[in-house]
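Dear colleague,

My notes on what was found in it follow directly after.

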Amino acid sequence: MKRVFITLTICLAFIGLAQAQLSEGKTYSSKIINGNRPECGDWGLYFGPSFLEIKELVNPKIDVIGLPLINVKYYATDNLEIRAGLQYGGKTTKANGNYDQEYILEDNTVEKSIPLTNKYFSRNFRFSPGVAYHFSPKNILDVYMGASIPFGIDAQSSVFETELYKNEENELKKYSFKNNNSYNSFVVGLNAFIGLQAFVADLPLSLGFEYGLSGLLRTNDQTYHERTDMDGNTQKFYTSNHLSNEFTSLDCRSKYMNSDVRFTITYYFNNK
């Protein structure tokens, strides 16, 4: 909490400095081709990985959703920016094979070829519309604040199927064993952010950072299990990462709060 307070204080100080330091030179035209600030009708493509996303990317133990595939800005007015981000990630594995297993009977040893199927997939999708308001273009740094509403789907599924043999009165009897799990949750959140960016020379390019506070809600935050044991009994139940019990029915929702810093690179263009 102390780190969040310190970071927020620094960001607010930057905003105060940027608002106070008005440029004393000539007021430029906002044509993108001259390297000046965007104006109404201009577009931007931006890349903005956050500190947490970069940290997850370099950690091989974490399956990340991936960086945003498409991030666009559109200036509805000289000061009002409409933005949207699209994010998608997934992983799929499938294994089919056989392995040998020995079973010891009273008079001999029997070797069986055991089939096994193991499948896993995960999908993560986010769409994040938002708006940002840019303060006076006379500031040396472009200062803005805004909000976005990310929403999407997180889904996972795993299938494990095999055949086992059980020694019953010195005879091997075959049984099927299954262990299937599925998770499907709708995700919606709210991000509030403040940002600073500087325009690079005469290029239609800006570099900056955003500091934001975000909240996230996961609905249906539970995993469904279907398991068949060697006796042919099928168990159906639900579990949650937050609970250790097995439930015949479960409705679990989870809320998350976080703060993060995002580094931004934006390229501007227009269709005039």
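Lys173 and Glu168 form a salt bridge, with 3.4 Å between their closest N and O atoms; the term stands for a side-chain nitrogen of Lys or Arg within 4 Å of a carboxyl oxygen of Asp or Glu. Lys173 is partly exposed, at a relative accessible area of 39%, and Glu168 also counts as partly exposed, at 25%. In this scheme buried means under 20% relative accessible area, exposed means over 50%, and partly exposed covers the range in between (1.4 Å probe, protein chains only).

Please note that this is a predicted model, in which local features need a pLDDT of at least 70 and side-chain atom pairs count only at pLDDT 80 or more, while totals for chains, interfaces and linings use all residues. Residues are numbered from 1 along each chain as its sequence is written, and side-chain values use heavy atoms, with hydrogens and water left out.

Salt bridges

The structure holds six salt bridges. Among them is the one between the side chains of Arg83 and Glu81, at 2.7 Å from N to O. Arg83 also forms a salt bridge with Glu210, where the closest N and O atoms are 3.2 Å apart. Because Glu210 lies in strand β8 (residues 205-218) and Arg83 in strand β3, this pair ties together parts that are 127 residues apart in sequence. Arg83 is buried at 6%, and Glu210 is buried at 6%.

Overall architecture

The secondary structure of the protein chain comprises two helices and 12 strands. The protein chain has 272 residues, of which 32% count as buried. Of its contacts between residues at least 6 apart in sequence, 67% join residues at least 24 apart, a contact being heavy atoms within 4.5 Å.

Strand β1 (residues 43-47) pairs with β2 in the antiparallel sense over three bridges; two strands pair if DSSP finds at least two bridges between them. Within this pairing, Trp43 stands opposite Tyr74 in β2. On its other pairing, β2 meets strand β3 (residues 80-104), again in the antiparallel sense, over six bridges. Here Ile70 stands opposite Leu86 in β3. β2 and β3 form a hairpin with four residues between them.

Which residues make up the covered face of β2? In this strand (residues 70-75), the covered face consists of Asn71, Lys73 and Tyr75, whereas Ile70, Val72 and Tyr74 form the uncovered one.

One further pair of residues may be of interest. Glu39 lies in the loop between α1 and β1 and counts as buried, at 17% relative accessibility. The C-alpha atoms of Glu39 and Thr77 are separated by 6.7 Å, although the two residues are 38 apart along the chain.

Surface

The protein chain exposes about 16,900 Å², and carbon and sulfur atoms supply 58% of that area. Accessible areas come from the Shrake-Rupley method with a 1.4 Å probe; for residues, only the protein chains shown count as cover. A nonpolar patch of about 610 Å² is made by Tyr88, Phe125, Ile149, Phe151, Ile153, Phe186 and Leu190. The elements giving two or more residues to this nonpolar patch are β6 (151-168) and β7 (171-199). Such a patch is made of residues with over 30% relative accessible area and no salt bridge, its nonpolar side chains (Val, Leu, Ile, Met, Phe, Trp, Tyr) being joined within 5 Å, whereas like charges are joined within 9 Å. Phe125 is placed in strand β4 (residues 109-134) and counts as partly exposed, at 33% relative accessibility.

Confidence

The mean pLDDT of the protein chain is 82, and 81% of its residues reach 70 or more; pLDDT is the predictor's confidence in each residue, from 0 to 100. Confidence is lowest in helix α1 (residues 2-20), at a mean of 44, and highest in strand β5 (residues 142-148), at 95. Over residues 1-35 the pLDDT is below 50, and this stretch has 47 contacts in the model beyond near neighbours in sequence.

With kind regards
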